[in-house]
Amino acid sequence: MDRKLSAILAADVVGYSALMERDEAGTFERLRAGRKELFEPEIARHHGQIFKLMGDGMLAEFGSVVDAVECAVSLQRGLAERNAAVPEDQRIRVRIGINLGEVIVEGEDRYGEGVNVAARLQQLADPGGICVSATVAREVEKKLAFGFEPLGEQKVKNIAEPVQAFRVILEGQAPRQQSSPPRWVLAAAAVPVLILVLAGTVWQFWPTATVSGKPSVAVLPFDNYGGDETTGRLADGLTEDIITDLAGFPEFQVIARNSTEQYRDKPAVPSEVGKALGAGFVVEGSIQRQTDRVRITAQLIDAKTGEHLWSQRWDRPDEDLFAIQIEISEQISNRLGGGAGLVQEAGRITAHRKPPENLNAYELYLLGTEKLEQVNQADVEEAVRLLTRAVELDPGLARAWVELSHSHGILTGFGVERDKNRALSAEAAERAVQLDPSDAEAHAVYAMILGDRREFERAKAEFDTALRLAPGQFEVLTFYIDWASTFGEPERVAQLVDKAVSLNPGFPMWSARIFAHAYFMVGRYEDALRMLDRLTPENYGRKHWVMRSGALAALGRTEEAKVSVADALRRFPNLTVGGFINLPGFNEGERERLIKTMRLVGFPDCAKAEELAKIEKPLRLPDCASP
């Protein structure tokens, strides 16, 4: 039995069965053409070979992991270009997974865990995306201009140990198609967006922290390589906007502009800046204008090690410099800050290295939010434990109260001691707003609590406050998206989702739940399903099963809709039309749409008595408690 080390690329067509059902001959021809005109030439050009073809996928082997990653990127870009001229429902999208490992060689075929892991990584990728193992990320991150966003340890089928997975972040505009609990707990697309270029991987961070436990960031004046006054004003405005936007994130402290101004127009060594200003991170950048275009670069540096952790370049027409300034400052601040930001991720890594008894309140908060992002009952219960400990150590840490409110709300949605957790969620949200009235997310969380109480006018006022405090913050915008149709603004949904995705192209799983609701309510069923496909059934609440079943039915996928309804009722025996009549957090239009959907796809009007008897605390059903 021969063995060797190889890089394995696994590719699979998204929605293959549905494509074939809609247009079998056309789909087959497009797949054949794509394989002959794109996949086979690109794989050969990158010194790889296909060793297995399936109807909806393929496996290829590469001697170099760098070649494998470069090939995957070329394939996704090539598909994006081909799809641009194809109607939405005919587009071929693939998921790609790459692993570096030992394989068994048998003739032209390859077997073993090295192949199996690549196939499982492919299943974790977004449509049009690439997912790689930690081994691949380490091997290529210094050699290629692509970033690697950590997805954490993933338990995958038929692999004994969890797999550390990373999402490849591509450069340029990638046409990524957008693919019950209190509404907001599901809260915290895809469209052409500017994807971030990362110079290093997040797992390398070693941040410095202030005495409070929060890391600090210094934004240096952007260099003006053009030399003219207009470019200088843009550089100053961009620097100021980034400082202002970052200051809206309570997760860290931002050094004041008057302290960093001393570094204007002179070389600055990040480690010396860090020591002088007490900063753990340094942001620096430059602006250069050439004829009718403007080029802007920005990078994040670890002040302790001098390591470049992230970098990005923008190249834009200079028709509207003010719009460029706003767009880029929002993208930079969201990439560094927020729940999925690089600074917070860095803090989590440091916290993981410390013994539990040595963790401070802020580190407990970071670990709690990490658990919360998994959106399953066990991890959310652990998040409650960590966040409760955080507020015990520091009762004034408003951010921990915000996330504790989220956690109790999600447990309410999972049916865990509903009344108790609903009350604790509201209490934590109110506490957060009282502690820090300038925290935009605290206002957004409180708004969602009010919305669930059907106090829509007060909820809208709190959201308005949140959006005024942080109009370009991903989390705040995403929470509002979940309520836009409730407030009678469904027409804004697509525009708002587009903006949210542009602020955070690697948007987390919890936000996909919100985007699914938004698309469903405006009848964009394909997009709603793409968002739901990013979740696992364990992450579905009652509403998500209703939306999935209804979207499938609306798209003519009747048999799949029936299977979805059966799965939903198996998980939630009391998922009935009557239950949704009383479910909080929806306006009448939304409620009517959901009820019509449920009746259309075959959900029962009432739960049978024997089904209700199996449930500890069933939803209150009108006149439905008897058989």
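Helices (H or I, at least four residues) and strands (E, at least two) are DSSP runs, numbered from the N terminus. The model is predicted: local features need pLDDT of at least 70, side-chain atom pairs count only at pLDDT 80 or more, and totals for chains, interfaces and linings use all residues. Residues are numbered from 1 along each chain as its sequence is written, and side-chain values use heavy atoms, leaving out hydrogens and water.

Start with two loops. His 47 sits in the loop between α2 (24-45) and β2 (48-54). Its phi is near 65°, a positive value in a residue other than glycine. Most residues other than glycine have a negative phi. His 47 is exposed, with a relative accessible area of 61%. Buried means under 20% relative accessible area, exposed over 50%, and partly exposed in between, with a 1.4 Å probe and protein chains only. Arg 454 also has a positive phi, about 65°, and is not a glycine. Arg 454 lies in the loop between α15 (440-452) and α16 (456-469). At 38% relative accessibility, Arg 454 is partly exposed.

Now the helix pairs. Axes are lines fitted to C-alpha atoms, for helices over the stretch in contact, and angles run from 0 to 180 degrees between N-to-C directions. Helix α11 (residues 361-372) and helix α12 (residues 377-393) cross at roughly 165°, and their axes come within 8 Å. The two are therefore roughly antiparallel, a label for angles over 145 degrees. Their crossing is left-handed: the near helix is turned anticlockwise from the far one by less than a right angle. Contact means heavy atoms within 4.5 Å. The contact of α11 with α12 has 11 nonpolar, 1 polar and 4 charged residues. Ala, Val, Leu, Ile, Met, Phe, Trp, Tyr, Cys and Pro count as nonpolar, Asp, Glu, Lys and Arg as charged, and the others, Gly among them, as polar.

Helix α21 (residues 542-554) packs on helix α22 (residues 558-571) at an angle of about 165°, with axes 7 Å apart. That makes α21 roughly antiparallel to α22. The crossing of α21 and α22 is left-handed. The residues in this contact divide into 6 nonpolar, 3 polar and 4 charged.

Finally, the interior. A nonpolar core is a set of buried Ala, Val, Leu, Ile, Met, Phe, Trp, Tyr and Cys residues joined through side-chain atoms within 4.5 Å. The largest such core has 92 residues; Phe 463, Ile 481, Val 497, Phe 515, Leu 575 and Phe 603 touch the most other members. A second, separate core of 37 residues includes Leu 31, Ile 43, Leu 75 and Val 140.

Conventions. Parallel < 35°, antiparallel > 145°, perpendicular 65-115°, else oblique.
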